[in-house]
Amino acid sequence: MNIFKVENVSKVFGKGEAKVVALDNISLEIEEGEFIAIIGPSGSGKSTLLHIMAGLEKPTSGDIYFYGKNMNEMSKKELTILRREKIGIIYQFYNLIPNLNVEENILLPIEFDRQKVDKEKLKNIMKFLNIENRKTHLPNELSGGQQQKVAIGRALMINPKIILADEPTGNLDTKSSNEIINLLKEANKKLKQTIIIITHNLEIAKLADRIIKIEDGKINLN
Ligand SMILES: Nc1ncnc2c1ncn2[C@@H]1O[C@H](COP(=O)(O)OP(=O)(O)OP(=O)(O)O)[C@@H](O)[C@H]1O
Ligand SMILES: [Mg+2]
């Protein structure tokens, strides 16, 4: 079953002199269970593509289907709910809430959704990420790698159909990067979690099932 079908998507920012074609007629499909790496030079449109898949931006033209449903036809509210329930997003700079502790940050989307907290699941995720002994720490009391684990925990907690990660190791040293990538890899293998990651690191990209190369807003098939 394909999760995403991106059909002839273009994204143009600005007008006249300031016009930037960030995406130029991109088409691709993402199947359940895949671990995909998106690579490409700075400014090639990688983040723009991810934002469009997350429903944070609308394409200028073209269509994007999530489980067959055209995202262009979804309201802002529907897209917000989609992100809250089905799409886990991980950023380079973790995006944790500074005055919430580890456990509270992981539970944030669940609380927003007024869902009952699955304590067993929370425990398993903390264990999986090896951050059980940091439960009550605030983000500024954690290393970068640990903060990124919390962001992964928050994404996993909603049981997303897909995790979209924009340079999740971009701010980490080699050791922490490896740890984060191994966790994502394990989530993919053991939990069958579908994952797309953007990375500038070719070693990391090589661990993916499939590499999508973007250049000047186009997919480069070579
Ligand atoms: N909101 C915006 N308004 C105007 N131009 C934008 C906007 N967002 C992105 N762009 C432009 O679109 C192009 C693609 O940007 P994007 O952030 O997708 O690149 P990227 O591949 O993620 O780069 P990096 O590897 O540096 O993160 C760039 O030229 C950028 O300046
Ligand atoms: Mg980017």
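The model is predicted: local features need pLDDT of at least 70, side-chain atom pairs count only at pLDDT 80 or more, and totals for chains, interfaces and linings use all residues. Residues are numbered from 1 along each chain as its sequence is written, chains are lettered from A and ligands numbered from 1 in the order written, and side-chain values use heavy atoms, without hydrogens and water.

**Ligand 1: the shell**

- Around ligand 1 there are 13 residues, and Ser42, Gly43, Lys46, Ser47 and Thr48 come nearest. A residue is near a molecule or strand if one of its heavy atoms lies within 4 Å of it.
- By class, the shell holds four nonpolar, seven polar and two charged residues. Here Ala, Val, Leu, Ile, Met, Phe, Trp, Tyr, Cys and Pro count as nonpolar, Asp, Glu, Lys and Arg as charged, and the others, Gly among them, as polar.
- Strand S2 (20-31) and helix H1 (46-53) each supply at least two shell residues. H1 gives the most, with three. Helices (H or I, at least four residues) and strands (E, at least two) are DSSP runs, numbered from the N terminus.

**Ligand 1: polar contacts**

- A polar contact is a pair of N or O atoms within 3.5 Å; within protein, one must be able to donate a hydrogen and the other to accept it, and residues adjacent in sequence count only if both atoms are side-chain atoms.
- Gly43 uses its backbone: a polar atom there is 2.8 Å from an oxygen atom of ligand 1.
- Lys46 places a polar side-chain atom 2.7 Å from an oxygen atom of ligand 1.
- Thr48 also uses its side chain, with a polar atom 2.6 Å from an oxygen atom of ligand 1.
- Taken alone, ligand 1 exposes 640 Å², and the protein buries 60% of that. Accessible areas come from the Shrake-Rupley method with a 1.4 Å probe; for residues, only the protein chains shown count as cover.

**Ser44**

- Ser44 sits in the loop between strand S3 (35-39) and H1.
- Its relative accessible area is 3%, so Ser44 is buried. Buried means under 20% relative accessible area, exposed over 50%, and partly exposed in between (1.4 Å probe, protein chains only).
- A polar atom of the Ser44 side chain lies 3.5 Å from the backbone oxygen of Ile214.
- Beyond neighbours within four places in sequence, Ser44 contacts Ala22, Ile214, Glu215, Asp216 and Gly217. Contact means heavy atoms within 4.5 Å.

**Ile196**

- Ile196 belongs to strand S8 (residues 194-198).
- Ile196 is buried, at 0% relative accessible area.
- Not counting residues up to four places away in sequence, Ile196 touches Ile30, Ile36, Ile38, Leu50, Met53, Ile162, Ile163, Leu164 and Ala165.
- Leu50 is 146 residues from Ile196 along the chain, yet their C-alpha atoms are 8.7 Å apart.

**Aromatic cluster**

- Rings of Phe, Tyr and Trp (its six-membered ring) pair if their centres lie within 6.5 Å; planes under 30 degrees apart count as stacked, over 60 as edge-to-face and the rest as tilted.
- The count by this rule is two aromatic pairs.
- Phe4 and Phe66 pair edge-to-face, 5.3 Å centre to centre with 65° between the planes.
- This pair links distant parts of the chain: Phe4 in strand S1 (residues 2-13) and Phe66 in strand S4 (residues 61-66) are 62 residues apart.
- Phe4 is buried at 0% relative accessibility, and Phe66 is buried at 5%.
- Phe66 and Tyr67 have ring centres 5.1 Å apart and planes at 85°, so this pair is edge-to-face.
- Tyr67 is partly exposed, at 23% relative accessible area.
- Phe4, Phe66 and Tyr67 form one aromatic cluster.
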